[in-house]
Amino acid sequence: MRSKFNLNLTNLETPSMLVQGVPNCGKTHLGGDMLKYESQYGPVRFINIKGEDGWASIAHMGLGDVGVTVDSAKDVRELAAEFARDKVHAVVLDGGRLLFNLILIEQVQSAPATATEVRLPDARYDGEKSKGYWSQGRFQMEQTITLLKTSVKVLMLTVTSQQDVHEITGQKQIAPDVYGKMGSGLIGLFDFSGYVSASVMGLGKVERRVSFEVRNDVQTRQRLAYPLKDTIVLPDGLGGWKKIKEALAAGLAKQGGK
């Protein structure tokens with residue numbers, strides 16, 4: 001089915017964002033901040049991948065009964081359909097690596113001989129089929145993220161970071177901690193990919209930043225007519241998502257590149 005769209009559109013009605021960083025940098029907190037802000041526009045949901053279980057950092061935000069824990073890739077796909085049906089506005093999926101784990105496990109369990117095994121594809125057991133499992137896993141990850149993106153207005157995925165070697169440039173960079181080439185592949189599935197960092201600035205004071213600008217040491221992304229060139233300093237408590245959204249919106253609508 002074909003549909004027309006306006007190339008002059010300069011708004012952030014349907015942004016998708018990957019947020020990566022080391023543990024305890026504030027990824028989940030930023031996700032909760034996003035849900036709190038976007039809740040003024042419609043229903044919001046928080047997806048916890050079983051085993052991630054990091055929602056305690058947003059328990060004070062008053063979001064209420066909007067969380068759901070899943071333990072299979074099928075659960076996530078079913079949720080996407082429910083979100084579209086119920087017109088859910090914004091979603092955070094907390095745990096990108098564990099989502100990919102579930103998808104890979106699903107590939108192994110799809111074979112009758114290994115239907116009860118909980119493991120990743122392995123050539124020692126699967127032979128040449130293991131290559132197909134990995135390829136199909138990447139494809140299914142892409143399809144699952146696309147389903148979520150098209151089912152809601154705003155989507156955020158949080159992922160822990162790792163040191164990686166880019167599959168094309170060969171350059172060492174910080175990238176999402178996901179098996180194989182999926183780490184770099186995840187970046188391309190989102191409108192924006194930001195790197196969250198936290199620095200101790202003194203006794204009892206931590207400064208958190210999020211970076212979307214082009215960097216040699218971190219894989220980032222920003223689909224903007226006038227790309228951001230500076231790191232965004234996040235405020236203490238709530239307000240980080242609002243500040244990010246305002247900065248990104250300015251990068252779309254900025255006139256003359258000034």
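Axes are taken as lines fitted to C-alpha atoms, for helices over the stretch in contact, and the angles between N-to-C directions run from 0 to 180 degrees. The model is predicted, and local features are accordingly reported at pLDDT of at least 70 and side-chain atom pairs at pLDDT 80 or more, whereas totals for chains, interfaces and linings use all residues. Residues are numbered from 1 along each chain as its sequence is written, and side-chain values use heavy atoms, with hydrogens and water left out.

Helices (H or I, at least four residues) and strands (E, at least two) are DSSP runs numbered from the N terminus. Helix 1 (residues 27-38) packs against helix 7 (residues 240-253) at an angle of about 80 degrees, and the two axes are 7 Å apart. The two helices are therefore roughly perpendicular to each other, in a scheme where angles under 35 degrees count as roughly parallel, over 145 as roughly antiparallel, 65 to 115 as roughly perpendicular and the rest as oblique. With contact meaning heavy atoms within 4.5 Å, Leu-30, Asp-33, Met-34, Tyr-37 and Glu-38 of helix 1 meet Gly-240, Trp-241, Lys-242, Ile-244 and Lys-245 of helix 7. The residues of this contact comprise five nonpolar, one polar and four charged, where Ala, Val, Leu, Ile, Met, Phe, Trp, Tyr, Cys and Pro count as nonpolar, Asp, Glu, Lys and Arg as charged, and the others, Gly among them, as polar.

Rings of Phe, Tyr and Trp (its six-membered ring) are paired if their centres lie within 6.5 Å, and planes under 30 degrees apart count as stacked, over 60 as edge-to-face and the rest as tilted. Three aromatic pairs are found in a search of the whole structure. One of them joins Tyr-37 and Tyr-41, whose ring centres are 6.2 Å apart and whose planes stand at 65 degrees, so the pair is edge-to-face. Relative accessible area (1.4 Å probe, protein chains only) is classed as buried under 20%, exposed over 50% and partly exposed in between; Tyr-37, at 22%, is partly exposed, and Tyr-41, at 48%, is also partly exposed. Phe-192 and Phe-212 form an edge-to-face pair, with 6.4 Å from centre to centre and 80 degrees between the planes. Because Phe-192 lies in strand 7 (residues 192-202) and Phe-212 in the loop between strand 8 (205-211) and strand 9 (221-222), this pair ties together parts that are 20 residues apart in sequence. Both Phe-192 and Phe-212 are buried.

Strand pairing requires that DSSP finds at least two bridges between the strands. Strand 5 (residues 154-165) and strand 6 run antiparallel and are joined by five bridges, and Ser-161 has Pro-176 in strand 6 as its bridge partner. Four of the five residues of strand 6 (residues 172-176) are buried.

Ile-49 lies in strand 2 and is buried, with a relative accessible area of 1%. Leaving aside residues up to four places away in sequence, Ile-49 touches Val-70, Val-76, Leu-93, Asp-94, Gly-95, Leu-98, Leu-99 and Leu-102. The C-alpha atoms of Ile-49 and Asp-94 are 6.6 Å apart, although the two residues are 45 residues apart in sequence.

Positive phi values occur at Asp-53, near 50 degrees, and at Lys-87, about 55 degrees.
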